[in-house]
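This briefing concerns the domains of a protein and the charged side-chain pairs within it. Please look at the sequence and the model before reading on.

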Amino acid sequence: MQKTPPATPLVKRLVVIGLGLIGASFAKGIRDLGLAEEVIGVDLNLQACQRAVELGVVDSCSTDLAAACKDADVIMLAVPVLALQTLLSKLAALNLKNTIITDAGSVKGHLLAAAQAAFGKLPPLLVLGHPIAGSERSGVEAANPGLFKHHKVILTPHAHTDPAALACVEQLWQGLGADVESMSVDQHDRVLAATSHLPHLLAFGLVDSLAKRSENLEIFRYAAGGFRDFTRIAGSDPVMWHDIFLANREAVLQQLDQFRGDLDVLRNAIAEEDGRHLLGVFTRARVAREHFSTILAQRAYVETMLDNNLIFLASPGGQVNGSIRVPGDKSISHRAIMLGSLAEGVTEIDGFLEGEDALATIQAFRDMGVVIEGPEKGRVVVHGVGLHGLQAPPGPIYVGNSGTTMRLLSGILAAQNFDTTLTGDASLSKRPMNRIAKPLREMGAVIETAAEGRPPLTLRGGQRLTGMHYAMPMASAQVKSCLLLAGMYASGETSVTEPAPTRDHTERMLRGFGYPVEVNGPTAKIESNHALTATHIEVPADISSAAFFMVAACIAPDSELLLEHIGINPTRTGIIDILKLMGADLSLERIHEVGGELVADIRVRSSRLKGIEIPLELVPLAIDEFPVLFIAAACAEGRTILRGAEELRVKESDRIQVMVDGLTTLGVSAQGTPDGIIIEGGPMGGGEIWAHGDHRIAMSFSVAALRANAAIRIHDSVHVATSFPNFLALCKQVGMHVEPEVHS
Ligand code: S3P
């Protein structure tokens, strides 16, 4: 077979001992790519040696270890784990001087001990490694040079491993396309015992257990896909696995004992007909299986698109037509999970927003023992545990980008009898939490924050909260909601007065769950000693997501768009009022009430917008919609002035600065002020924009492209998935030209 010569081979003489699947694939990969000048195979089986040469796996092959290893730069040991001890002793006797020895075995502690015994001390040129790749096929015939591509290889250097030797082995694996990682020998053996050795044991054990029963014929006749999938790995090489279990005995026993305990609990749940326990295990397992990587990172929830380099390429022009339904309301989705979890009974939610932020809330409650089914096409079923039924989570609760989760949850967690730590992503970790920590502390909570009141937050359990009155210094629905939720646990009454109306979904939904809340003008009051009763929640489409398309239809030529079933709670409709003041052709149809919230279809047509001074009282009612309103202002005739919106500086980004920067890049005159912005409408060009991890910034500049005369590339757009996972699909559906452009 022809090899492809590379620019420079990494080593001269590579010896691969053991030409089974792994050894032969390694040899062939290195040889095909020319990563070594010469690849020599060693195998006790003469036939395998001959085939290896015929198949182009190696340049030459020998059964004579000493002759093959003479002058080797690197020796790869790819023999069964239990054969390594003898092999190492033979190698030690050869007195090799500058030869790197590496391996591909599945157990590292055992090999380290064998090397110590063979050499008297650990050789610096010994680099232990383990490729996490394989196949049910074995032998030299199965050699596959691409076997390691995009697979992990774990290197487990010992304390005296020579850095140059380590780098050399790393480069060889990388040359084969593997992703190389390193960890300690102990950690490797523990991790592999759990993720690889235990499942193999179960598969071998289950098949054997069933096969030896008298009714086995019947069992195997009806063995369906599930059985085949589960037991696929029982087709692996028995000798190899026998070696692995004996070599990694301690770690496997530990994992097995732990699993036996969990299996007994499952057995009891079935015996006692404890359906909730079973559902809890199965729903958690399902999510965990879908998101192994986040579980490995010990993070609570799913971050599916965490490629921070995601760029949106918005091409200029386009029209906006048709009729669409944007995803469910984010604020209502969060609250439905929180109250559903704390309710007595089973709450069904429809229209749930399956965005990262709301998923973070689901996972937080799952971590605290709540069984939550779904989401499945917007449907979620929450098995409430009651106000006092939450359990301590297994570790810190990671809430990603979601300020609402962190702030509202804090009100609940401050009153539990266990400690919790809440952490978030880079954007959330910069956001102010003293606004909730301070009043919660006044109620008796014990909360630790990072410097300047930033996340992470640690809330100490076992505190007795006392109700109080709080006059909020800022108009914040999150602060109000946090305190009302804490008020369900605090002795006496808790009341919050807001300086301006903010969204009142918490108050409405608490009532929907049968928990009394008294609202008197700007003050909402709650007392403890009531219960939440499960209910059905229908989440309307999110007006904050619809806002992007409202502005899009206004600024694009020849457009008419119908936005269906939008929540028009009066504390959220600032966007409609402001656009109308700017001259938008926008009308509401089919207004009706669903589950305590008003909804309507909103029709928007191309409009000649004009600049306005935004009335102060509308600011909190449109707080999330300003980024896209600034795009409307840029397309309007004349000047738009916003004041009283200093809160924009502490959202997912400093939305005033980031929008000023972006608009300026596009050639629009925009000037930031401490609490607002002044924008002169005018022509817009294209350019490079940075969204700074803020979903609404990325979507706003996507909309801007409708009127720009060149393409807009929007960097750091990944967080659009937090609130609007199908944004790009809907853009396409209505006639906008925004595409993802992923850069590595
Ligand atoms: C929200 C309240 C608002 C809003 C956020 C969601 C809520 O935040 O910006 O997107 O669900 O309560 P503030 O309370 O900080 O104004």
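The centres of domain 1 and domain 2, taken over C-alpha atoms, are 59 Å apart. This is a predicted model, in which local features need pLDDT of at least 70 and side-chain atom pairs count only at pLDDT 80 or more, while totals for chains, interfaces and linings use all residues. Residues are numbered from 1 along each chain as its sequence is written, and side-chain values use heavy atoms, with hydrogens and water left out.

**Domains**
- Domain 1 covers 11-183, domain 2 covers 312-325 + 540-740, and domain 3 covers 353-532; such bounds come from an automatic or database domain assignment.

**Salt bridges in general**
- Side chains of opposite charge can pair when their charged atoms come close.
- The whole structure holds 43 salt bridges (a side-chain nitrogen of Lys or Arg within 4 Å of a carboxyl oxygen of Asp or Glu).
- One network of salt bridges links R431, R503, D624, E652, R655, D694 and R696.

**The pairs of R572**
- R572 forms a salt bridge with D329 (2.9 Å, N to O).
- These two residues are 243 residues apart, R572 in the loop between β24 (560-567) and α21 (574-581), and D329 in the loop between β11 (321-324) and α14 (330-342); helices (H or I, at least four residues) and strands (E, at least two) are DSSP runs, numbered from the N terminus.
- R572 is buried at 2% relative accessible area (buried means under 20%, exposed over 50%, partly exposed in between, with a 1.4 Å probe and protein chains only).
- R572 also forms a salt bridge with D542 (3.0 Å, N to O), and D542 is buried too.
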